Amino acid sequence: MAFVGLFMLICGTMKSEFVVYRMLVGKSKSLWGENVHRFYQCAGFAVFIVGALVALKIIGR
């Protein structure tokens, strides 16, 4: 989960041309417009933090 968040954060920052990221952006662009990369930066950061907390067993079961 942390790696997926890191992937989204890095791709959003670099405005990556990676195929998977382009598909995500294509689906999200109608809702977020030109802010789609900023959305993936913020969402990626949040997913990374939650994933790191779960990996460190701070939250979760």
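Begin by selecting H1, a helix of 13 residues whose first and last C-alpha atoms lie 18 Å apart, close to the 18 Å expected at 1.5 Å a residue. The expected span of a helix is 1.5 Å times one less than its number of residues. Helices (H or I, at least four residues) and strands (E, at least two) are DSSP runs, numbered from the N terminus.

A note on conventions is needed here. The model is predicted, and local features need pLDDT of at least 70, side-chain atom pairs count only at pLDDT 80 or more, and totals for chains, interfaces and linings use all residues. Residues are numbered from 1 along each chain as its sequence is written, and side-chain values use heavy atoms, with hydrogens and water left out.

Within H1, colour Ala2, Gly5, Met8, Cys11 and Gly12, which are buried. Buried denotes under 20% relative accessible area, exposed over 50%, and partly exposed in between (1.4 Å probe, protein chains only). The cover over these buried residues of H1 includes H2 and H3.

Most residues other than glycine have a negative phi. Is Lys15 buried or exposed? Lys15 counts as exposed because its relative accessibility is 52%.

Now zoom out to the whole protein chain. Its secondary structure comprises three helices and zero strands, in the order α-α-α along the sequence. Along the principal axes, the C-alpha atoms fill a box of roughly 35 × 20 × 15 Å. Of the 61 residues, 26% count as buried. Among contacts (heavy atoms within 4.5 Å) with a separation of 6 or more, 56% join residues 24 or more positions apart.

Val36, His37, Tyr40, Gln41, Ala43, Gly44 and Gly51 are the buried residues of H3, and what covers them includes H1 and H2.

Show side chains for Met8, Cys11, Tyr21, Val25, Val36, Tyr40 and Ala43. These seven residues form the largest nonpolar core, that is, a set of buried Ala, Val, Leu, Ile, Met, Phe, Trp, Tyr and Cys residues joined through side-chain atoms within 4.5 Å. Helix H1 (2-14), helix H2 (19-32) and helix H3 (36-55) each give two or more residues to this core, and H3 gives the most, with three. Centre the view on Val36: leaving aside residues up to four places away in sequence, Val36 touches Val25, Ser28 and Lys29.

The protein chain exposes about 4600 Å², of which carbon and sulfur atoms supply 70%; accessible areas come from the Shrake-Rupley method with a 1.4 Å probe, and for residues only the protein chains shown count as cover. Select Met1, Val50, Val54, Leu56, Ile58 and Ile59, which make a nonpolar surface patch of about 560 Å². Patches are made of residues with over 30% relative accessible area and no salt bridge, with like charges joined within 9 Å and nonpolar side chains (Val, Leu, Ile, Met, Phe, Trp, Tyr) within 5 Å. A salt bridge is a side-chain nitrogen of Lys or Arg within 4 Å of a carboxyl oxygen of Asp or Glu.

Leu56 is placed in the segment after H3 and is exposed, with a relative accessible area of 61%. End at Lys57, also in the segment after H3: its phi is positive, about 60 degrees, although Lys57 is not a glycine, and its relative accessible area of 71% makes it exposed.
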